[in-house]
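Some labels attached to a model only make sense once the value is set against the cut-off.

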Protein chains: 2
Amino acid sequence: MTTLKELAKLLNISVSTVSKALNDSHEISATTKRRVNELAEKLNYKPNRIAQQLKSNTTKTIGVILPTVTNPFFAEVLHGIETNATKNKYDIIVCLSDESLTKEQRSLELLSNGSVDGFIIAVARESQVLEQTAHINTVINNKIPVLMFDRVVNEITCDKVVVDDFQSVFEATEYLIKTEQRKHILLVSNIEELSVGKLRIKGYQKSIEDANLKSNVLKLSKVDDVEKHIYNYLQDNPETDAIVSIDHITGIIAINMAKKTGKNIPKDISVIGFGYEHTQLLSSPKISIVHQKAYEIGEMSVKLLIDNLKSEDHKVKTIVVPSELKLGESTK
Amino acid sequence: MTTLKELAKLLNISVSTVSKALNDSHEISATTKRRVNELAEKLNYKPNRIAQQLKSNTTKTIGVILPTVTNPFFAEVLHGIETNATKNKYDIIVCLSDESLTKEQRSLELLSNGSVDGFIIAVARESQVLEQTAHINTVINNKIPVLMFDRVVNEITCDKVVVDDFQSVFEATEYLIKTEQRKHILLVSNIEELSVGKLRIKGYQKSIEDANLKSNVLKLSKVDDVEKHIYNYLQDNPETDAIVSIDHITGIIAINMAKKTGKNIPKDISVIGFGYEHTQLLSSPKISIVHQKAYEIGEMSVKLLIDNLKSEDHKVKTIVVPSELKLGESTK
DNA sequence: TTGTAAGCGTTATCAA
DNA sequence: TTGATAACGCTTACAA
């Protein structure tokens with residue numbers, strides 16, 4: 001790789017002149033600027049990023065720590081983060097915790113050595129269940145800005161970007177009750193132990209209570225044969241006339257199982273699930289979903305973090321990104 | 001952040017002594033090592049990564065350039081890359097080309113300034129269709145190692161990790177013909193313009209030819225209503241007794257549509273699709289899939305690239321990661 | 001066993 | 001308008 005020194009030697013001028021010329025400093029004459037730029041172009045000179053980082057003590061890099069990326073929600077958030085980071089000339093270093101507390105701790109620790117200017121993180125399932133989050137506070141105490149999204153820790157004070165978990169499921173359930181006159185609404189879930197899962201279930205329950213209906217929650221996160229479990233429930237409870245799923249899998253399974261019991265969707269049973277870009281393609285009839293704006297969550301996260309990095313007097317904020325009920329064909 | 005200089009001053013010794021002590025150099029006495037380590041521990045000293053990178057002229061960072069991460073194949077590959085990179089003490093900087101040539105060029109260009117030691121890349125759809133890949137050769141000519149996976153460019157000489165696209169579909173089709181005696185096998189695809197798509201289609205065609213059957217290919221990448229398209233085909237061709245999908249979407253849609261035409265799966269029609277971890281959950285009956293070992297592809301890619309980075313006399317290799325036919329319930 | 005000094009590639013200050 | 005020099009934080013000959 002070509003360096004300033006090499007350019008300087010070839011042109012018989014000093015390194016600092018070359019540097020200034022390339023940075024279009026007003027101190028430098030037009031002619032030398034031209035000479036320098038021509039040679040730089042010719043030799044395909046690129047300022048060494050690492051040297052700049054050392055000098056400026058900033059990396060223009062964000063550490064992104066995700067529980068997983070095979071869950072389409074986090075994949076789409078990552079998409080939003082990457083696009084917006086790039087737009088702002090930031091790189092992202094991605095670490096996956098695989099839902100493990102230890103891996104999350106290690107990643108934060110490893111990157112807290114000047115590798116990144118700040119972090120965007122959704123905490124691991126394990127960290128959340130065990131309520132172990134001291135490592136995140138350590139980072140914050142070291143003056144490295146942290147932004148948490150989706151899976152947040154209430155006890156930690158930092159910027160947050162969250163989904164309207166309670167509200168969106170509340171409204172989805174209300175839709176089934178008020179617009180569709182459904183009376184026997186089942187909730188299915190494979191994320192009931194996560195903070196977001198709990199909030200969503202509460203949204204469902206509030207709506208059910210308000211209408212004086214009976215709450216029916218099928219918790220499946222530890223169940224082996226989810227299909228069978230749902231199928232059996234529907235067999236045993238043939239009065240079921242609507243299903244709400246709070247994740248991106250069990251809604252589709254519910255549709256398949258309801259059809260298997262001979263029910264027509266949406267005539268006999270309405271189904272609303274959670275989902276993202278392609279989810280609706282994967283069921284027939286196309287599933288109605290609470291569409292989490294995952295891309296926007298990533299986008300907002302980057303914006304808020306960069307604002308924190310740049311402004312002196314940044315004040316901590318929590319942004320709620322509203323979801324959208326996207327009706328497909330599994331509702332009337 | 002604590003620096004060597006600060007430690008040195010507090011201990012009244014020189015910076016180099018501190019550095020050596022922390023690196024457990026045999027030059028240093030046990031007592032000073034202890035003193036240094038204690039203070040370092042106390043002040044939570046971490047060697048500045050950027051300074052080390054500048055000094056050593058290596059970043060221990062891999063640039064990973066993916067077309068997208070919402071496609072579960074690439075998500076799973078990323079998972080494999082991240083896990084294995086971390087295991088080898090490498091970080092990854094992730095860029096998404098969004099299937100765009102320009103973005104791919106920009107990312108490569110931007111990271112070719114010392115930010116990374118090497119690249120892992122799957123080329124964008126656009127780059128592949130337009131056959132524009134000079135930017136990749138530019139990087140290689142700059143002596144930055146590149147590894148390509150899945151979507152590879154034959155004309156470029158570098159390490160490659162690929163799937164057995166031809167062979168896996170050849171065998172899947174053969175299974176339907178020989179084991180299940182199917183005679184009217186439809187291929188559905190939404191990736192027919194990609195190199196991998198073409199190979200897979202060829203695998204199907206070879207198998208069909210060998211058995212003297214008729215080839216039926218439904219190309220859907222530019223079709224709006226995929227469901228309807230498949231449904232109509234099945235209505236018009238009721239003799240169809242098997243379907244092969246070469247992507248992770250259209251197989252599931254095919255199952256749903258076949259059921260809609262009143263066919264029983266797998267009695268009347270067998271279906272084999274492509275898929276990954278969760279794919280089988282999303283259809284009923286559970287779809288049989290060609291399971292691409294995406295995680296392993298990521299794993300192998302990292303191994304091969306790091307080998308290239310470390311060894312002097314690395315010779316270019318292409319590794320084929322075999323897929324596995326994972327029978328579900330959509331075949332007999 | 002410890003310390004001095006040079007150097008990685010930049011940028012910035014100050015002097016010429 | 002240009003150049004010499006120091007500095008960012010670290011490692012490593014080499015000198016003491």
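What follows is a set of questions and answers on a predicted model.

Q: What makes the two chains copies related by a two-fold axis?
A: Chain B is superposed on chain A by a rotation of 180 degrees with 0.0 Å of shift along the axis, and the RMSD is 0.1 Å. The two copies are thus related as by a two-fold rotation axis. In chain B, Ile93(B) has the C-alpha nearest the axis, 2.2 Å from it.

Q: How do you know that the copies meet through the same surface?
A: Of the interface residues of chain B, 100% are also interface residues in chain A, so the surface used is the same.

Q: Why is Ser97(A) called buried?
A: The cut-off for buried is under 20% relative accessible area. Ser97(A) has a relative accessible area of 0%, so Ser97(A) is buried. Its place is the loop between S2 and helix H6 (101–111) of chain A.

Q: Which residues does Ser97(A) touch, leaving out those up to four places away in sequence?
A: The contacts of Ser97(A) are Leu66(A), Pro67(A), Lys103(A), Glu104(A) and Ala124(A).

Q: Why are Asp24(A) and Gln181(A) called exposed?
A: Exposed requires over 50% relative accessible area. Asp24(A) has 55% and is therefore exposed. Gln181(A) has 53% and is therefore exposed.

Q: What is omega at the cis peptide bond that joins Ile265(A) and Pro266(A), and at the one that joins Ser284(B) and Pro285(B)?
A: Omega is about 10 degrees for the bond between Ile265(A) and Pro266(A). For the bond between Ser284(B) and Pro285(B), omega is about 0 degrees. Most peptide bonds are trans. Pro266(A) sits in the loop between helix H12 (250–260) and strand S9 (270–275) of chain A, and Pro285(B) in the loop between strand S9 (270–275) and strand S10 (288–291) of chain B.

Q: Which members of the largest nonpolar core touch the most other members?
A: They are Leu78(A), Phe149(A), Leu78(B) and Phe149(B), out of 60 residues in that core. Apart from this core lies another, of 44 residues, among them Tyr233(A), Ile243(A), Leu220(B) and Leu282(B). In soluble globular proteins, nonpolar side chains tend to be buried together.

Q: Which residues lie nearest the centre of the largest cavity?
A: Among its 26 lining residues, these are Pro72(A), Leu282(A), Thr70(B), Pro72(B) and Leu282(B). Helix H5 (72–87) of chain A and helix H5 (72–87) of chain B each supply at least two residues of the lining. By class, the lining has 14 nonpolar, eight polar and four charged residues.

Q: What lines the second largest cavity?
A: There are 15 lining residues, and Gln53(A), Ile93(A), Gln53(B), Ile93(B) and Ser115(B) are the closest to the centre. Its lining divides into four nonpolar, eight polar and three charged residues.

Q: How much space lies in the largest pocket, and which element gives the most to its lining?
A: The largest pocket holds about 1,000 Å³ of space. Its lining has 38 residues, of which Pro47(A), Asn48(A), Arg49(A), Gln52(A) and Asn113(B) are the closest to its centre. H6(B) gives the most, with six residues. The lining comprises 14 nonpolar, 14 polar and ten charged residues.

How values were computed
Residues are numbered from 1 along each chain as its sequence is written. Chains are lettered from A and ligands numbered from 1 in the order in which they are written. This is a predicted model: local features need pLDDT of at least 70, side-chain atom pairs count only at pLDDT 80 or more; totals for chains, interfaces and linings use all residues. Side-chain values use heavy atoms; hydrogens and water are left out. A nonpolar core is a set of buried Ala, Val, Leu, Ile, Met, Phe, Trp, Tyr and Cys residues joined through side-chain atoms within 4.5 Å. Buried means under 20% relative accessible area, exposed over 50%, partly exposed in between (1.4 Å probe, protein chains only). On a 1 Å grid over the protein atoms alone, a cavity is a set of points where a 1.4 Å probe fits but cannot get out, and a pocket is an open set with protein on both sides within 12 Å along at least five of seven lines; lining residues have an atom within 4 Å of a point. Helices (H or I, at least four residues) and strands (E, at least two) are DSSP runs, numbered from the N terminus. Ala, Val, Leu, Ile, Met, Phe, Trp, Tyr, Cys and Pro count as nonpolar, Asp, Glu, Lys and Arg as charged, and the others, Gly among them, as polar. Copies are superposed by least squares on the C-alpha atoms of residues with pLDDT of at least 70 in both. Contact means heavy atoms within 4.5 Å. Grid points are joined across faces, edges and corners, and a volume is the space filled by probe spheres set on the points.
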